[in-house]
Structure formats: structure tokens, C-alpha cells
Amino acid sequence: MIIHSRYKNKSSIVLENIKLRAEFIPAPGGKLASLINKETGYEYLLQRANKHYRDQPFAGVYVDGECSGFDDMFPTIDVCRYGNEPWEGVEMADHGEVWSLPWRYLVDNDTLRMSVTGVRFPYTLEKEVYFTHDDSLRIDYTLTNNSPCDFEFLWAGHLMLNMEEGTRVEVPEGCKQVVTVLSNGGRKFGDVSHWPFLKDNLGNTCRADIARPKAVKGFEKYYFTDKLTEGWCRLKYPDNKNSLKISFPESTVPYLGILMNEGGWDELYNIIIEPCTVCYDRPDVAKEHGQVSKVGAKCTYKWYIEIMA
């Protein structure tokens, strides 16, 4: 079932079945604003208490906006400049372009179709959203390069998820090493650790796979350094009533980032799971580390996200 609704002061589209209720906002961002397990009443996605949606203009500051739910980060996360002709030197906006843009949408039977066109770069990004099972929501992505030149980019699924103390993070067996990009725990950009044990410059160790109390005021973002052999990540909540598995194709989305926020940023307690095409929050830095994702001239690049409760 798909219905039109309201999320705060925004028009929304709700996809609902016997177990899940998924609410999307086409403008701005085409974002997944809410995902509720109807059997347990649990809201998986981080919500903000404000009554009115916190809008930002195009190329605005992401964290000054609503900064919640699931947004697409494309074609960068951090502000940087494109490195190749014919767009060399063009600024890539904070957290990308598409989170602040209105998406076109169409309801087609049990599928929600959305699309957006680039502002500073000639691309079209499309999403098809539908349920595959009662407990699974799938989003199929198609990126089309409308130009006669190759286009290098970063895409990351920015899923801001609620967590509880003791929530466990599970990843594929081959995920053994991480590189820190943000931390208030004594680690610097580029520090490498053996996951799940993160060590600071004083020799203190914390576990990155189990959520600590909010009182620790921890904040850490890291990427697994190696390409994934399996594309998934799972959260297991301590009450054993809720869990969430995020799946994606490791062939086109080969990396995974995690940001654990145990009260260390904005008084929030949440975890961000980021399947991504390259690491390091910006495509130019990723390229320095030998990571490049690109869509060829007049070609397409496809991937998906499946969220299973």
C-alpha cells in the first residue's frame, strides 16, 4: 500500500505492509525519513524533535538542516573541488547535491519512483522503492552520466539509525581493519586500527562493535580499509526484539563506513551506517588512496540498498 501523507510540514509518501511503514519526503532529498517496525513499534531512523522540518538551501550546511533519517550523499560528503576536466575546480557541495534538492516522483502501483538532476554536474540519479518481503524494503539506484566525459563520484547511503546501549554491530568476517576519519577519542585522521578494538595514543582501547552509554560522550567515524567480500552490515538490539540488516552489492558498493555517536556530537545517541562506493568522505582523497568510482560517458552505474527488519 502507498499513500500520500505529511511528515512534519512536508508532503510525504508512505509505503506500508503488514510489518513495515516507510515514509519518504520527495522534497527535499527524496529521503527516507522514517522506518517503523509495526510489530514492535520501533522507529529505526533518527528523528528530530523540532515540529518544522529544518530546510537548507542548495549547497547549504548539512548539519544545520534536518540531519536525520536516511539521505543520499552524492557526489561527495565533505566539501571539495572536482579534480578532472571538464569540471576541474568546480566545488562539490557539503554532503553532496541531492539531499537538498527536490526530487521528482511517481507512484506506480506498489513502487515509488524518484529522480533528480544534477546542478553543477550533468547527471541524473533515479531510485525505485518497493517491498521485496514483509520485512524487506529495497531501493534500486540508477546513476546516468549525461555528459560525453567520465564522471568520478562518491555515493554513500547515510543511514542515521537509533541505537540502544549494548547494540551490537555485525559485519562480514573479512572486515578486520579500519581507518579513522573523525574521532574525539584520541585517534587522528588516517589512524589504522584492528577492528573492533580501537586504540588511542595513550594505549587505551575501546570496542567499536558494542554501543557504550551516552555518558561516555564518544564520537568515532571509520571506514573498513579493504573492499568487502560480502555487502552487508547488521545491528542487533539488546532486547532481542529488533534487528536491522542492510544489504548492498559489493561489486558496485565495495566499502563500508560506520559512525558511532555515543553522545559525543549534538547530544545525540545514534549510529550511522554508510555503504559507499569509495571511502574518506571525499572522492579526491579516496583517489589518493587508490579508490575511484566513476560512471563512463553517456553510461549508467547501478546499485541497491535492501533494509531488512
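## The second largest pocket

The lining of the second largest pocket splits into 7 nonpolar, 5 polar and 7 charged residues. This is a predicted model, and the space in that pocket comes to about 210 Å³. Its lining counts 19 residues, and those nearest the centre are Gly 185, Arg 187, Cys 206, Arg 212 and Glu 220.

Which strands each supply at least two residues of this lining? They are strand S19 (205-207), S20 and S23. Of the strands here, S20 provides the largest share of the lining, 4 residues.

## The largest pocket

Let us turn to the other pocket. The largest pocket holds about 320 Å³ of space, and 23 residues line it. Nearest its centre you will find His 95, His 158, Leu 182, Phe 219 and Leu 259. By class, the lining of the largest pocket has 14 nonpolar, 4 polar and 5 charged residues.

At least two lining residues come from each of strand S14 (156-162), strand S16 (177-183), strand S20 (218-224), strand S23 (255-262) and strand S24 (269-276). With 3 residues, S24 gives the most to the lining of the largest pocket. S20 and S23 are among the strands that supply at least two residues to the largest pocket, and they also each supply at least two to the second largest pocket.

Rolling a probe the size of a water molecule over the atoms shows where empty space is left. How many cavities of 30 Å³ or more does the structure hold? There are 2 of them.

The largest cavity has a volume of about 60 Å³. Around it stand Pro 28, Lys 31, Tyr 53, Arg 54, Asp 55, Gln 56, Tyr 62, Gly 65, Glu 66, Cys 67, Asp 71 and Trp 99. That lining divides into 5 nonpolar, 2 polar and 5 charged residues. For the second largest cavity, the volume is about 30 Å³. The residues lining the second largest cavity are Glu 152, Phe 153, Val 278, Pro 283, Lys 287, Gln 291, Val 292 and Ser 293, which by class are 4 nonpolar, 2 polar and 2 charged.

## An open sheet of 8 strands

Now for the strand arrangement. Antiparallel pairing links 8 strands into an open sheet, in the order S9-S10-S11-S12-S26-S22-S21-S15.

Strand S12 (residues 136-145) pairs with strand S26 (residues 300-308) over 9 bridges, in the antiparallel sense. Thr 144 has Thr 300 in S26 standing opposite.

## A closer look at Pro 86

Where is Pro 86 found? Pro 86 sits in the loop between strand S7 (80-81) and strand S8 (91-92). Its relative accessibility is 44%, so Pro 86 counts as partly exposed, a class that lies between the cut-offs of under 20% for buried and over 50% for exposed.

Pro 86 can also be placed relative to another proline. Pro 148 is 62 residues from Pro 86 in sequence, while their C-alpha atoms are 10.0 Å apart in space.

How values were computed. Residues numbered from 1 in each chain as written. Predicted model: local features only at pLDDT ≥ 70, side-chain atom pairs only at ≥ 80, totals over all residues. Heavy atoms only, no water. Buried < 20%, exposed > 50% of the residue type's maximum accessible area, 1.4 Å probe, protein only. 1 Å grid on protein atoms, 1.4 Å probe; cavity = no way out; pocket = protein on both sides within 12 Å on 5 of 7 lines; lining within 4 Å. Points joined across faces, edges and corners; volume = space filled by probe spheres on them. Nonpolar A, V, L, I, M, F, W, Y, C, P; charged D, E, K, R; others polar. Pairing = 2+ DSSP bridges.
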